[in-house]
Amino acid sequence: MSQITDWADAERHLTDHVSVLVGDDNGKYPSGNSLVIRGDGEAVIIDPSVSVVSRGGAPVAVDAVINSHSHEDHMPGNGFFTDARVHIHHDDLPGARSLDGLMDVYGLSGEPRDDFAKQIVEEFNYSPRPDAEGFSDGHVWDLGGVQVEAVHLPGHTRGHSGFRVSGGVFFLSDIDLTGFGPYYGDVWSDLEDFERSLIQIRDEEAEYYVTFHHKGVIEGRETFVDLLDGFHAVIPRRHEAMLAFLGEPHTIDEMVTHRFVYRPHVQHVFADNVEYRCAAMHIQRMLTRGEAAEVAPGLFQTT
Ligand SMILES: [Zn+2]
């Protein structure tokens with residue numbers, strides 16, 4: 001394996017074994033922050049970004065690629081490190097193994113599916129890896145002198161996982177602690193799972209917490225918990241806003257038009273789909289909690 005590239009300007013060393021390859025524009029989408037772990041036996045890269053591909057490789061020969069989940073921005077290196085094994089949680093295997101499987105994860109059909117599939121191949125270097133291997137919660141990779149443990153944190157996707165690396169590093173992936181808040185707008189997303197994952201991760205002890213996007217490296221548990229609590233608070237805030245809107249009876253389509261996740265001016269192709277799925281999940285939560293009722297077919301109102 002010869003794809004060794006100089007990352008001196010954008011590689012941040014956290015421990016003797018662990019470094020972050022900071023993606024273009026500080027890891028902002030479409031790029032991201034990839035984690036490199038060098039053991040005495042093997043080296044792995046977690047979530048090789050488009051920047052890893054555009055720079056022509058990693059600073060070390062990579063024996064295995066580990067994907068935190070099957071979203072386009074986390075897998076550009078899967079088709080680049082062709083000699084390396086690919087590992088991903090069992091539940092997200094279809095997205096790594098085939099393009100069709102990935103489109104099912106997003107829940108797209110028709111023209112948007114075809115358009116996005118094309119974009120993922122052209123802009124995100126997507127290459128199917130039918131040989132990708134599944135892992136489960138608690139799986140440990142012993143790289144020699146350093147261990148990586150998978151922590152299943154579903155909600156963003158079914159298989160979304162974080163990674164606990166010995167020496168005090170935790171990779172949060174798309175529990176990205178941004179002001180936007182948790183993203184649970186795909187067919188393979190789940191609000192209840194996401195919230196359970198946020199509660200679970202709050203106990204995580206580390207020196208460094210790394211998100212794939214934007215925030216990047218967070219130092220110290222206190223800062224992490226502050227950011228996590230702010231991120232988590234977006235869920236009840238969305239819920240309260242929807243409850244207020246449903247003071248009058250409304251359909252889910254009317255909630256989509258009103259916008260609770262994206263701002264009204266956002267013209268993202270998938271915004272309406274995301275709004276729809278999020279509204280439906282929050283309504284399910286309201287029905288379960290007895291906060292709202294279906295007062296006529298397809299019409300919801302707070303009780
Ligand atoms: Zn994602």
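What is the geometry of the zinc ion's site, going by the angles among its four donor atoms? The model is a predicted one, and in this model the site is irregular, with angles of 89 to 174° among the four donor atoms. For four donors to count as tetrahedral, all angles must lie between 85 and 135 degrees.

Now the donors themselves. The protein supplies NE2 of His 69, ND1 of His 71, NE2 of His 156 and OD of Asp 174, and these lie 2.1 to 2.2 Å from the zinc ion. Along the chain the donors are spaced as H-x1-H-x84-H-x17-D.

His 213 sits in the loop that runs between strand E12, residues 208–211, and strand E13, residues 217–219. Is His 213 buried or exposed? His 213 is buried, because its relative accessible area is 9% and the cut-off for buried is under 20%. Leaving out residues up to four places away in sequence, His 213 touches a list of residues that includes Asp 174, Asp 176, Asp 73 and His 74. Asp 174 is also one of the zinc donors. Gly 27, Lys 28, Tyr 29, Ser 31, Gly 32 and Asn 33 are among the contacts of His 213 too. As for polar atoms, one in the side chain of His 213 lies 3.2 Å from the backbone oxygen of Ser 31.

Next, the strands. Strand E8, residues 140–142, is joined to strand E9, residues 147–152, by three bridges, and the two run antiparallel. Trp 141 is opposite Val 148 in E9. The hairpin of E8 and E9 has four residues between the strands, and in its turn Gly 144 has a positive phi of about 95°.

E9 also pairs with E10, antiparallel, through five bridges. Within that pairing Glu 149 faces Arg 164, and Ala 150 has Phe 163 as its bridge partner. E10 in turn pairs with strand E11, residues 169–173, over three antiparallel bridges. Arg 164 has Phe 170 as its bridge partner in E11. Three residues separate the strands in the hairpin of E10 and E11, where Gly 167 takes a positive phi near 100°. Why call E10 largely enclosed by the rest of the structure? Because four of the five residues of E10, which covers 161–165, are buried.

Last, a helix. H10 covers residues 271–289, which is 19 residues, and spans 27 Å from first C-alpha to last, close to the 27 Å expected at 1.5 Å a residue. Its buried residues include Val 274, Arg 277, Cys 278, Met 281, His 282 and Ile 283. What covers the buried residues of H10? Among the elements that do are helices H4, H6, H8 and H9, together with strands E14 and E15. After H10 comes Gly 290, with a positive phi near 75°.

That is what I had.

Definitions and conventions
Residues are numbered from 1 along each chain as its sequence is written. This is a predicted model: local features need pLDDT of at least 70, side-chain atom pairs count only at pLDDT 80 or more; totals for chains, interfaces and linings use all residues. Side-chain values use heavy atoms; hydrogens and water are left out. Donors are N, O and S atoms within 2.8 Å of the metal (3.2 Å for Na, K and Ca); water is not among the atoms, so sites may look incomplete. Four donors count as tetrahedral if all angles lie between 85 and 135 degrees; four count as square planar and six as octahedral if opposite donors are over 155 degrees apart and all others between 65 and 115; anything else is irregular. Buried means under 20% relative accessible area, exposed over 50%, partly exposed in between (1.4 Å probe, protein chains only). A polar contact is a pair of N or O atoms within 3.5 Å; within protein, one must be able to donate a hydrogen and the other to accept it, and residues adjacent in sequence count only if both atoms are side-chain atoms. Contact means heavy atoms within 4.5 Å. The expected span of a helix is 1.5 Å times one less than its number of residues. Two strands pair if DSSP finds at least two bridges between them.
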